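Student: I have a model open and would like to go through its packing with you. Can we begin with the core?

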Amino acid sequence: MRLARAFALLFALVTSCRRAPAERRPSRPDAAVATAGCDVPLAVGAAVSASGAALVRADDGSLLAAVDEDADAVVLLARSGGALVVRRRLAVGRRPAQALFASSALWVIERGDNALSAYDVATGRRLCRRSVARDPVSVARSPDGATLFVASALPPRLHGLDARTGGRRFTVAVAREPRGLWVAPAGDRVLISHLAGPALSAVDLRATPAARALPPPTFELRQRAVGGESSTSFTFRPSATQAWSIAREPASGRLLVPMMANNHRVDIRHGAGSGGYGGGGGEGLDEQTRFTVGVFDPSAERWERLIDGDYFADAEGAPPGLREVRSPVASAWSPREGLVVLAQGNDAVASLQPGRPPRWPARVAPRQRATLNAPDALVVEADGEVVIHSQVDHAVEYGAPRARVRLSFGEERLDPRVALGRRLFLSASSRISRDRVSCNGCHPDGRDDGLAWDLRDQRLRTPSLRGRLTPPFGWLGRQPTLIDAVRVAVERLHGTGLSDEALLALAAYIERALPAAPAASEPLSAQAERGRALFQGRAGCARCHVAERGYVDGAAHAFGADPTPFDTPSLRGVAAGGPWFHDGRYTSLAALLADPRSAMGNAASLSPDERADLLAWIEAL
């Protein structure tokens, strides 16, 4: 019966894919627009840097720009008698991710086209377009408005562009999954937050631009005496994930970085968390992933502390209330409320008000529950009013906390089943996880959190989903369908369970709406071409990673002394992940290819130069 139900669900999923209606989109901008010269007015006089988002405010406060990713559009909103109204709708490139005002122009990250384009705010005409590396995700401008910084994810890079001409000034390799960008007032550094790996990294701009690591955030924990034992204290460095944004406290100049902190590798008196992943495994520490805010001194480049409400029950001096936040996708500073954090997972807005150091904050409060589903961006207006954006609901929400007003800026364009699946994927629910961790909590932006989990007698890392799904599914390749894999994941997360319709919807969203990044805009380098020949030939990679099958072979293989056979993963986008291997034992792909014990074809027998060529090809996949 269970097998029959799985096949019935799979048939319904395939059928729904075939019946998906064609999406209606606004007319596309002129594709023949110049790609070299940009003649875009600079944001002169702003005197501060600014970062892009799915909802941004013009420097003079006259307009808001709301990104409508599903419709390939950006909607301009203006005030009329205190209410927000739609002023203009701009047709832009594919899958816009962020917008950023620059005087009378609007820069737009077009993720589906690997491009950054500028549009005239008054007419909607595209002024210019600049190709960037694969999968651009965020944009910021320098304080003088002369330089634009674009972060891309495949592979992770920071690009500096001349805002006037669109010419590229530099490209620097950075840590994985860059998202939030903060440009120092002197314009000499860019700090970057990351969805996985380091919480923050830095790029120096004073000479030749170069990226460097920053120290990890730490908790100073004290355990109270229990049963006559003496109290103890120790330093704990959690694994930081989902650092989507960076906010700044104006009075102190401190940077505030909301993130999720994970204790999955901690071994303390309470007992190490084991036997599960994501929201907890039923042994030891029940809740493995908690929300926190890092307070960072950009002058000294050090973390002052992590603000945490109840990471451990006996943590001293911690304010309550932070447990209300799941998936902190956006943040901003409000002169009236302090740090405002948008929790996409549980549709909430929390405010953290500062007190006297070091007891920051003095108060943490769930400010309100948003009426929008899975909100993803916010803006704090000059008067302190908070405006919230939701792509899921195609709407913004604004007004007083007790009298919120919703304004629709678009219509649903996804198949109803896929739309339901997106809502389930982004929302934290006890149906999926006992501790209300959403799918997006472990797979931010459809990828992975970079963590490897201790599951009783095995250590397994979170797999990436976007563009890398091939049957069979699961670490061991034991689930024949994606629906089976989703059901098993919910069981491991100790969720109460999903209905067949919900499982079908979630699988439909993962399968159809989490595509791989588009191919690189630039042709392959000579080095990558040499690497492709090695991949297909002497390196022996193509024996298991078959290009015609999505770089898999549909089989499981055992490695070295580990008798457990593991499913062959797709190599598409693998360079953007890390750590590598099924248990995350390698900190770099270069180390994996050079290790003869990895059993990765004949890569270890290649010369260092040949392995560099092979790596260049793998990075291009």
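Student: Which residues have the most contacts inside the largest nonpolar core?
Tutor: In this predicted model, the largest nonpolar core has 30 residues, and those with the most contacts inside it are Leu 55, Ala 65, Leu 77, Leu 84, Phe 101, Leu 106 and Val 396. A nonpolar core here is a set of buried Ala, Val, Leu, Ile, Met, Phe, Trp, Tyr and Cys residues joined through side-chain atoms within 4.5 Å, where buried means under 20% relative accessible area, exposed over 50% and partly exposed in between, with a 1.4 Å probe and protein chains only.

Student: And which element gives the largest share of this core?
Tutor: Strand 4 does, with 5 residues; the elements that give two or more residues include strand 3 (64-68), strand 4 (73-80) and strand 5 (83-91). Helices (H or I, at least four residues) and strands (E, at least two) are DSSP runs, numbered from the N terminus.

Student: Any caveats on numbering or confidence?
Tutor: Residues are numbered from 1 along each chain as its sequence is written, and side-chain values use heavy atoms, leaving out hydrogens and water. As the model is predicted, local features need pLDDT of at least 70 and side-chain atom pairs count only at pLDDT 80 or more, whereas totals for chains, interfaces and linings use all residues.

Student: Back to strand 4, then: why is it described as largely enclosed?
Tutor: Because 6 of the 8 residues of strand 4 are buried, it is largely enclosed by the rest of the structure.

Student: How many bridges join strand 4 to strand 5, and how many pair strand 3 with strand 4?
Tutor: Strand 4 and strand 5 run antiparallel and are joined by 8 bridges, while strand 3 and strand 4 pair in the antiparallel sense over 5 bridges; two strands pair if DSSP finds at least two bridges between them. Leu 76 is the bridge partner of Ala 65, and the bridge partner of Leu 76 in strand 5 is Arg 88.

Student: What about the turns?
Tutor: The hairpin of strand 3 and strand 4 has 4 residues between the strands, with Asp 72 in the turn at a positive phi of about 55°. In the hairpin of strand 4 and strand 5, there are 2 residues between the strands, and Gly 81 takes a positive phi near 65°.

Student: Is Leu 116 buried or exposed?
Tutor: Leu 116 lies in strand 8 (residues 115-120) and counts as buried, at 0% relative accessibility. Its contacts, again not counting residues up to four places away in sequence, include Trp 107, Ile 109, Val 139 and Leu 161.

Student: Switching to helices, at what angle do helix 6 and helix 8 pack?
Tutor: Helix 6 (residues 526-536) and helix 8 (residues 608-620) pack at about 95°, with their axes 7 Å apart, the axes being lines fitted to C-alpha atoms over the stretch in contact and angles running from 0 to 180 degrees between N-to-C directions.

Student: Which residues meet there?
Tutor: Among them are Gln 527, Arg 530 and Phe 535 in helix 6, and Glu 610, Asp 613 and Trp 617 in helix 8.

Terms used:
Contact means heavy atoms within 4.5 Å.
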